[in-house]
Amino acid sequence: MMIDSTQIISMTEANQNFSKVARQCEKQGCVVIFKNNKPKYVLMDVDAMEVKLPATDENLDAAAKKELERAQWL
């Protein structure tokens, strides 16, 4: 997994200052939250996903998986 170092946020910072983390996510498209020095969570701006949401849950799951693969999160 490739992670841009400017997108890394600690769990402590995310807990203490979520609004700052959300603003950074809006600016960069996503942030990766580390817990115990390992990537644990991804916060992503929905507009940055560039996915048109399909009508069915099955199609939604497939589109989400495709977008995650495109973003190299899998």
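**Figure 1. Surroundings of A14 in the predicted model.** A14 is in contact with I9, V21 and I33 when its neighbours within four places in sequence are left aside; contact denotes heavy atoms within 4.5 Å. The residue is found in helix α1; helices (H or I, at least four residues) and strands (E, at least two) are DSSP runs, numbered from the N terminus. A14 counts as buried because its relative accessibility is 7%; buried means under 20% relative accessible area, exposed over 50% and partly exposed in between, with a 1.4 Å probe and protein chains only. From A14 to F34 the C-alpha to C-alpha distance is 9.3 Å, and the two are 20 residues apart in sequence. The model is predicted, so local features need pLDDT of at least 70 and side-chain atom pairs count only at pLDDT 80 or more, whereas totals for chains, interfaces and linings use all residues. Residues are numbered from 1 along each chain as its sequence is written, and side-chain values use heavy atoms, with hydrogens and water left out.

**Figure 2. The largest nonpolar core.** Seven residues make up this core: I9, M11, A14, V21, C25, V31 and I33. Helix α1 (11–16), helix α2 and strand β2 are the elements that give two or more residues to the core. A nonpolar core is a set of buried Ala, Val, Leu, Ile, Met, Phe, Trp, Tyr and Cys residues joined through side-chain atoms within 4.5 Å. Leaving aside neighbours within four places in sequence, I9 is in contact with A14, V21, Q24, V31, V32, I33 and F34. In soluble globular proteins, nonpolar side chains tend to be buried together.

**Figure 3. Q24 in helix α2.** Q24 lies in α2, which spans residues 18–28. With a relative accessible area of 17%, Q24 is buried. Beyond residues up to four places away in sequence, Q24 touches T6, Q7, I9, G29 and V31.

**Figure 4. The salt bridge between E13 and K20.** The structure holds one salt bridge, defined as a side-chain nitrogen of Lys or Arg within 4 Å of a carboxyl oxygen of Asp or Glu. E13 pairs with K20, and their closest N and O atoms are 2.9 Å apart. E13 counts as partly exposed at 26% relative accessibility, and K20 counts as partly exposed at 37%.

Figure 5. Strands β2 (residues 30–35) and β3 (residues 38–44) run antiparallel and are joined by six bridges; two strands pair if DSSP finds at least two bridges between them. K38 in β3 is the bridge partner of K35. Two residues lie between the strands of this hairpin, in which N36 takes a positive phi near 55°.
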